[in-house]
Amino acid sequence: MFKRLIAASVVFAALVAACAGAGSTPAPTAAPVTIAPPTAAPASPVTLAYTVSLAPAGFFVGSNGHTLYAFDKDTAGTSNCQSSQCVTNWPALTLQGGVQLAIGAGLTETDFATITRDDGSAQVTFNDVPLYYFAGDTAVGDTNGDGVGGIWHLATKTTVPPAASNAPSAPASAPASAPASAAAGVCYDAHYQVIPCPSASAAAGSPAADATTVTVASVGYLVGPTGLTLYEYDKDTTPDSSACSGDCAANWPALAVAAGSTVTIGTGLDQEDFATFIRSDDSATQVTYYGKPLYSFAGDQAAGDTTGDGIGGFWHLAKPQ
């Protein structure tokens with residue numbers, strides 16, 4: 001047994017010598033790893049949340065890049081777009097939650113301020129002119145609201161409060177600056193409000209008695225005599241009666257025919273589905289389809305435009321049934 005212990009000791013000593021001796025080979029060491037300094041991620045474009053900025057084309061835009069407008073019926077420091085329909089179509093540019101005004105390059109901060117609207121919100125003004133978006137603008141660069149009703153215009157550095165002396169007391173027809181869609185078949189009342197002109201239908205472009213009043217466009221919705229898209233209003237819940245008046249009527253002109261005229265229709269439609277009624281606000285003769293009043297949209301500037309579809313969740317294309 002003693003000899004076995006000695007042999008084991010000799011073997012152990014040999015192993016130690018092999019590991020620790022001067023001539024021994026050191027255990028392999030992992031090669032040093034060089035860690036490159038982190039590479040900074042590409043800087044994202046800085047978007048400054050300006051309340052109002054100046055677009056390259058010269059008009060004002062809000063923090064979302066959408067076009068801003070001024071309303072001819074406003075007065076200095078006062079918004080006259082307070083009704084639910086007007087607010088739906090023309091949302092005010094407001095500051096939320098105590099956010100401060102931030103003005104972009106090329107504009108003077110002292111030209112901007114806020115006023116308190118009827119609902120308590122703080123609306124931004126330029127030289128005392130309240131500023132608005134247009135619900136018909138769906139993308140940056142859209143200017144569909146310019147000229148609507150002859151009373152909505154792009155807000156620019158030259159915008160000033162409308163002078164009462166410059167507004168005609170009872171203009172007979174739409175001003176030259178109004179788009180054709182707003183000028184067709186409408187006039188202005190003493191309050192510079194757009195109304196149908198049944199007595200001047202021929203001059204304004206309303207259909208004559210033998211003209212086709214309603215046809216079906218190739219894409220499947222109804223169009224009026226000039227080819228402009230026709231719409232229905234969800235709030236018109238009483239047959240042969242319109243719930244769209246005042247500011248609403250300025251933005252959504254009724255499809256009207258001259259008193260006593262017959263509604264004529266195009267291929268694919270049934271005469272019995274169309275009728276007329278006398279509007280209560282201006283006595284115009286408005287056309288209905290299955291009892292629903294028909295309207296055009298002042299934001300549509302050419303045949304094929306459908307910028308009014310879905311506005312406010314209440315307006316929709318009128319389609320054949």
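These legends accompany close-up views of a predicted protein model.

Residue numbers start at 1 along each chain as its sequence is written.

**Figure 1. Overview of the protein, with five helices and 18 strands.** Helices (H or I, at least four residues) and strands (E, at least two) are DSSP runs, numbered from the N terminus. The protein has 321 residues, and 41% of them count as buried. Buried means under 20% relative accessible area, exposed means over 50%, and partly exposed lies in between (1.4 Å probe, protein chains only). Contact means heavy atoms within 4.5 Å. Among contacts between residues at least 6 apart in sequence, 66% join residues at least 24 apart. The protein exposes about 16,500 Å². Carbon and sulfur atoms supply 58% of that area. Accessible areas come from the Shrake-Rupley method with a 1.4 Å probe; for residues, only the protein chains shown count as cover.

**Figure 2. Strand β6 and its pairing partners β4, β5 and β7.** Two strands pair if DSSP finds at least two bridges between them. Strand β5 (residues 112–116) runs antiparallel to β6 (residues 122–126), and five bridges join them. Ala 113 is partnered with Thr 125, and Thr 114 with Val 124. β4 (residues 94–95) also pairs with β6 in the antiparallel sense, over two bridges. Here Thr 94 has Gln 123 as its bridge partner. Two bridges connect β6 to β7, again antiparallel. Four of the five residues of β6 are buried, leaving the strand mostly covered.

**Figure 3. The two hairpins that include β6.** β5 and β6 form a hairpin with five residues between them. In that turn, Gly 120 has a positive phi of about 90 degrees. The hairpin of β6 and β7 has two residues between its strands. Its turn holds Asn 127, with a positive phi of about 50 degrees.

**Figure 4. The two disulfides of the structure.** A disulfide is scored as a pair of cysteine sulfur atoms within 2.5 Å. Cys 81 is joined to Cys 86, S to S 2.0 Å. This link is left-handed, with -120 degrees about the S-S bond. Both Cys 81 and Cys 86 are buried. A disulfide also joins Cys 244 to Cys 248, S to S 1.9 Å. The link of Cys 244 and Cys 248 is left-handed too, with -110 degrees about the S-S bond. Cys 244 and Cys 248 are buried.

**Figure 5. The largest nonpolar core and its tryptophans.** A nonpolar core is a set of buried Ala, Val, Leu, Ile, Met, Phe, Trp, Tyr and Cys residues joined through side-chain atoms within 4.5 Å. The largest has 26 residues. Trp 90, Trp 152, Trp 252 and Trp 315 have the most contacts inside it. Strands β3 (69–71), β13 (231–233) and β18 (315–317) each supply at least two residues of this core. Beyond its neighbours within four places in sequence, Trp 315 is in contact with residues including Tyr 231, Tyr 233, Cys 244, Cys 248, Trp 252 and Tyr 295.

**Figure 6. The salt-bridge network of Arg 279, Asp 281 and Asp 282.** A salt bridge is a side-chain nitrogen of Lys or Arg within 4 Å of a carboxyl oxygen of Asp or Glu. By this rule the count is two. Arg 279 meets Asp 281 at 2.8 Å, N to O. Arg 279 also bridges to Asp 282, with the closest N and O atoms 3.7 Å apart. Arg 279 is buried at 4% relative accessible area. Asp 281 is partly exposed at 40%, and Asp 282 is partly exposed at 21%.

**Figure 7. Two buried residues, Asn 89 and Tyr 132.** Asn 89 lies in helix α2 (residues 84–89). Its relative accessible area is 1%, so Asn 89 counts as buried. Not counting residues up to four places away in sequence, Asn 89 touches Tyr 133, Phe 134, Ala 135, Asn 251, Trp 252 and Ile 311. Tyr 132 sits in the loop between β7 (129–130) and β8 (152–154). Tyr 132 is buried, at 0% relative accessibility. Tyr 132 and Thr 67 are 65 residues apart in sequence, yet 8.4 Å apart in space, C-alpha to C-alpha.

Methods:
This is a predicted model: local features need pLDDT of at least 70, side-chain atom pairs count only at pLDDT 80 or more; totals for chains, interfaces and linings use all residues. Side-chain values use heavy atoms; hydrogens and water are left out.
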